[in-house]
Amino acid sequence: MPISPQVCWLFSPIRSGSSITVYAAAAGLGWPVADEVFGPWDRTGTPYGYPRSHLDLIRAFKAAGEHLNRDVADLAERVFREMAAQARAPSVLCKHPHASIGPEDVSGFWPEHRAVVLLRNPLFALNSLFVRKWDAATGGGSMIGYFSTIARRWLADPNRLVYDAMQQDPAGFFARLYEAWGLEATPDRLAGASSYRAAHYHHSSKSEAGGEAGDAPGSVRSERAWAVPEAIVAEYLADPLMREVFAAAGWPTERDRYPRPTA
């Protein structure tokens, strides 16, 4: 049986910088990105070009209630193996910005795989939705349960990362990411990742700089305007788990440290 690649995983909530993180890291490595291969989208066409086995995987994952089981894991292994072979790379990076599975699930099926949890301040992640008027993506709520699930995984991760660190010290951020994946943070890899990050803005998944008017690597829309409803801000800043996470990440918990709604 063909040997499956040792996959490196990045877990995060949505709108938290996972796309720029994983595509920049992949640029430094020369590896392909398995970007949300568990669905729900068919990504066998342009610009992703996933193998046809990806369709079997998303169907099986949905049928399993969006959980890993042996059949789903076997299909995922096939997708990873085919993506690596297609790119003539030794492995792949798998990006999963969802709460459905986490590092604990991966280690149960693939103890040799390495995973890191990335977190962005949930209020800014939510703002990224609200300023784009993507309110429907929240399901009409605050998504605090969703963010809490991933935040608990972040707290448990000794290699956890925050989005802010990539903005403040790109080379240091990618060095910690590579090392958490068990990879050598060579100067060439760090230069490749940092250069990609400086030149690209990911509006979502594979989209790049120029894909959304007014956004660029140094000018992010969710940091220029504020649209999170006051009730949601209050809920997050009062929640005990969120306060613990904010303290661990170095994020403020006082309302006056955040912007007010922009006209």
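**Helix packing and a surface pocket in the predicted model**

Helix H8 (residues 170-180) packs against helix H9 (residues 187-199) at an angle of about 125 degrees, and the two axes lie 9 Å apart. The structure described here is a predicted model. Because angles over 145 degrees count as roughly antiparallel and those from 65 to 115 as roughly perpendicular, H8 and H9 are oblique to each other. The crossing of H8 with H9 is right-handed. On the H8 side, the contact is formed by Pro170, Ala171, Phe174, Ala175 and Tyr178, and on the H9 side by Arg189, Leu190, Ala193, Ser194 and Arg197. By class, this contact of H8 with H9 comprises seven nonpolar residues, one polar residue and two charged residues.

Helix H9 also meets helix H1 (residues 18-29); the axes of this pair come within 7 Å and cross at roughly 140 degrees. H1 is thus placed oblique to H9, and the crossing of the two is right-handed. Ile20, Tyr23, Ala24, Ala25, Ala27, Gly28 and Leu29 represent H1 in the contact, while H9 contributes Arg189, Gly192, Ala193, Tyr196 and Arg197. Eight nonpolar, two polar and two charged residues make up the contact of H1 with H9. Arg189, Ala193 and Arg197 of H9 take part in the contact with H8 and also in the contact with H1.

A further helix pair is formed by H2 (residues 53-63) and H3 (residues 70-87), which pack at an angle of about 155 degrees with their axes 9 Å apart. The two helices are therefore roughly antiparallel, and their crossing is left-handed. Residues of H2 in the contact are Ser53, His54, Asp56, Leu57, Ala60 and Phe61; those of H3 are Val72, Leu75, Ala76, Arg78, Val79 and Glu82. The contact of H2 with H3 divides into seven nonpolar, two polar and three charged residues.

Apart from these helix pairs, the second largest pocket was examined. At least two lining residues come from each of helix H4 (103-109), strand S4 (114-119) and helix H6 (144-156). The most is given by H4, with four residues. By class, the lining of the second largest pocket contains seven nonpolar, three polar and four charged residues.

Methods. Residues are numbered from 1 along each chain as its sequence is written. This is a predicted model: local features need pLDDT of at least 70, side-chain atom pairs count only at pLDDT 80 or more; totals for chains, interfaces and linings use all residues. Side-chain values use heavy atoms; hydrogens and water are left out. Axes are lines fitted to C-alpha atoms, for helices over the stretch in contact, and angles run from 0 to 180 degrees between N-to-C directions. Angles under 35 degrees count as roughly parallel, over 145 as roughly antiparallel, 65 to 115 as roughly perpendicular and the rest as oblique. A crossing is left-handed if the near helix is turned anticlockwise from the far one by less than a right angle, and right-handed if clockwise. Contact means heavy atoms within 4.5 Å. Ala, Val, Leu, Ile, Met, Phe, Trp, Tyr, Cys and Pro count as nonpolar, Asp, Glu, Lys and Arg as charged, and the others, Gly among them, as polar.
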